[in-house]
Amino acid sequence: MIHEVIGDRLMAAARAADLFIEKSSMNPQAPVGLATGSTMDGVYQHLEQRGFLPESSDAFALDDYKGLAEGSENSYFTELSKNFAARLGWSGRLHVPGHGPYAGSHGLALFEQTHLELGPVSIQLLGIGTNGHIAFNEPGAAFDSITREVELHPQTRQDNARFFADPSQVPTHAYSQGLATINRASSLVLLALGERKKPAVLQALESPGPLTPLAALLDHSDLTLITDFQL
Ligand code: GLP
């Protein structure tokens, strides 16, 4: 693992965007792996500023909520359609667990199969939750997990309530790539910004185990961790 500390939030996001350009350009036909959450806003903004248009015709999302209305502002399909596809002028296929052909348990199996067949993704962007979740793999998620329906941890629902009109509207379940799915990427870039993320990162590095999902990725041969705090 390579760890880079970049004290300025915007510059840290810009560094992740630069790695996205570098890694996806090394294998331009391969799909790319996208992430959501406020941390990723800066990454997509920087890609737009650089005028970057991914050559790949396929992009895989890590996860999405279960049970939101089609077109909901809170769905990660909507978020990535706006923040990535529309912003960069990219018109490829966006594969999102639980969405379109990937709805239902057969759909989730199809997502996993499509990810295997079209992959590996050249780069997978990652954030981390304050409780250590990666995508929606909550603490305790199996390290060999694949794409499936998951139950959200109360901490995750509380953290993400800020995006919803009312905390009761935060879904209780979601669809998520598994830790084994994520590990198939040719490269991983994890961006952890803000002191609130520090305990989760520290715990995974100092006492890796079943309750620290990041630990499942630490043996990856091309993992870059970018933080805006010292560890
Ligand atoms: C959500 C996503 C995660 C993301 C996390 C962090 O829960 N499922 O993939 O890493 O949020 O989000 P933020 O960047 O808003 O802190």
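**Burial and aromatic pairs in a predicted chain**

Buried residues, meaning those under 20% relative accessible area with a 1.4 Å probe and protein chains only (exposed is over 50%, partly exposed in between), make up 55% of the 231 residues in the protein chain. This is a predicted model, in which local features need pLDDT of at least 70 and side-chain atom pairs count only at pLDDT 80 or more, while totals for chains, interfaces and linings use all residues. Residues are numbered from 1 along each chain as its sequence is written, and side-chain values use heavy atoms, with hydrogens and water left out.

Student: Why is F84 called buried?

Tutor: The relative accessible area of F84 is 0%, and buried means under 20%, so F84 is buried.

Student: What makes W90 buried?

Tutor: W90 has a relative accessible area of 6%, which is under 20%, and therefore W90 counts as buried.

Student: Why is the pair of F84 and W90 called edge-to-face?

Tutor: Rings of Phe, Tyr and Trp (its six-membered ring) pair if their centres lie within 6.5 Å, and planes under 30 degrees apart count as stacked, over 60 as edge-to-face and the rest as tilted. The F84 and W90 centres are 5.4 Å apart with 65° between the planes, so the pair is edge-to-face. F84 and W90 also belong to one aromatic cluster with F20, Y44 and F52.
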